[in-house]
Amino acid sequence: MRHANRAGVAVAALLLAGLGQAQGSQAVEMHGVTAEGVEESIGTIALEDTDHGLLLTPDLEGLPPGVHGFHVHENASCEPRENESGEMTAAGGAGGHYDPDAAGSHEGPYGDGHLGDLPVLVVNEQGEATLPVLAPRLSVEDLQERSLMIHAGGDNYSDEPKPLGGGGSRLACGVIGS
């Protein structure tokens, strides 16, 4: 069953990648994060430009099963940082969602909100994330000197009833170099 799932994911990735000619690509190593610091690697996310946007292909393990908020954050850091309340926050050094146009709203990957709003990341019952997602408003170049963040809980692509899609704490982070 696991091999059939991987074969299906591989076919989906090939189909999505075939939507357009690749113009740029990069791999981002993802790490677990806590208020104490950056932990060991949980895998990588491949970034690839296509004619239809940025294809993000995860190869991750060790995450809680389910749907998770997934975003580009403004700073190239996964280090903890003190929040306004004086408490250390996991990957607080990454700052907020990447929002170069100062939209000020969370509307998901297809809305007019934060440019860093990505499609949700799906993690299977074995704790693996391998399903590619497409971010139509982004390119590899947009992500340079930023970070990728995986949050606990889902994302409803809205600021209602809770801000930033209602997702939870920061679980994993990866710095995107130049």
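Q: Which pattern does the protein follow, read along the sequence?
A: Helices (H or I, at least four residues) and strands (E, at least two) are DSSP runs, numbered from the N terminus. In this predicted model, the order is α-β-β-β-β-β-β-β-β-β-β-β, giving one helix and 11 strands.

Q: Which residues touch the most other members of the largest nonpolar core?
A: A nonpolar core is a set of buried Ala, Val, Leu, Ile, Met, Phe, Trp, Tyr and Cys residues joined through side-chain atoms within 4.5 Å; buried means under 20% relative accessible area, exposed over 50%, partly exposed in between (1.4 Å probe, protein chains only). Here the largest core has 26 residues, and Met-30, Leu-47, Leu-56, Leu-60, Phe-70 and Leu-148 touch the most other members. A second, separate core of seven residues includes Cys-78, Ala-90, Ala-91 and Met-149.

Q: Is His-151 buried or exposed?
A: His-151, in strand 10, has a relative accessible area of 7% and is therefore buried.

Q: Which side chain forms a polar contact with that of His-151?
A: A polar contact is a pair of N or O atoms within 3.5 Å; within protein, one must be able to donate a hydrogen and the other to accept it, and residues adjacent in sequence count only if both atoms are side-chain atoms. The partner is His-71, at 3.2 Å.

Technical notes. Residues are numbered from 1 along each chain as its sequence is written. This is a predicted model: local features need pLDDT of at least 70, side-chain atom pairs count only at pLDDT 80 or more; totals for chains, interfaces and linings use all residues. Side-chain values use heavy atoms; hydrogens and water are left out.
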